[in-house]
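Subject: Structure handover

Hello,

Here is the structure I promised to pass on.

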Amino acid sequence: MRTLTVELGARSYPIHIGPGLLGDAALLVPHIAGRQVLVVTNEVVAPLYLQRGLQALEGFEVEPVVLPDGERYKTLETVNGIFDALLRHRFNRTATLVALGGGVVGDITGFAAACYQRGVDFVQIPTTLL
């Protein structure tokens with residue numbers, strides 16, 4: 001594993017790169033402030049990685065949201081689906097949104113995290129590195 005740090009003063013954060021990191025709770029848990037976690041992924045990534053990601057979050061109140069795959073789903077309607085899940089499960093300001101996958105999943109999840117209750121924590125877990 002290799003770790004790079006994005007230096008932003010008090011807002012600095014690590015980037016961990018390597019195989020098999022998804023199931024390592026020790027890398028993920030320190031970045032989750034509250035008990036509620038919404039994992040957003042898509043229909044291509046979910047069958048490959050979702051279960052392993054959920055296992056790393058054992059002990060948290062976790063809800064998955066599986067989006068359709070593709071750039072054409074980068075819409076406000078898709079963001080509304082994430083908001084609906086957050087509201088349905090009564091997620092509060094201490095919630096963390098985890099994007100499991102890159103591209104559309106990361107963009108949509110990051111946007112939803114920034115907008116929900118004036119912003120909640122966001123963790124990006126890309127599943128490939130280009």
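How are α3 and α4 oriented to each other? The model is predicted, so to speak of local features we need pLDDT of at least 70, and side-chain atom pairs count only at pLDDT 80 or more, while totals for chains, interfaces and linings use all residues. Residues are numbered from 1 along each chain as its sequence is written, and side-chain values use heavy atoms, without hydrogens and water.

**Helix packing**

The axes of α3 (residues 76–88) and α4 (residues 104–115) come within 10 Å and cross at roughly 60°. α3 and α4 are therefore oblique to each other. Axes are lines fitted to C-alpha atoms, with angles from 0 to 180 degrees between N-to-C directions. Helices are DSSP runs of H or I, at least four residues; strands are runs of E, at least two.)

From α3, the contact (heavy atoms within 4.5 Å) uses L76, T78, V79, I82 and F83. From α4 come I108, F111, A112 and C115. By class, that is 8 nonpolar, 1 polar and no charged. (Asp, Glu, Lys and Arg count as charged; Ala, Val, Leu, Ile, Met, Phe, Trp, Tyr, Cys and Pro as nonpolar; the others, Gly among them, as polar.)

**Pockets**

A pocket is an open set of points on a 1 Å grid, with protein on both sides within 12 Å along at least five of seven lines; lining residues have an atom within 4 Å of a point. Volume is the space filled by probe spheres set on the points.

The largest pocket has about 960 Å³. Of its 27 lining residues, H16, V123, Q124, I125 and P126 are closest to the centre. β2, α1, α2 and β6 each give two or more residues to this lining. The lining holds 17 nonpolar, 7 polar and 3 charged residues.

The second largest pocket has about 210 Å³.

**Cavity**

A cavity is a set of points where a 1.4 Å probe fits but cannot get out. There is 1 cavity of 30 Å³ or more. L22, L28, V39, G53, L57, V98, L100 and I125 line the largest cavity.

Best wishes

Methods
Parallel < 35°, antiparallel > 145°, perpendicular 65-115°, else oblique.
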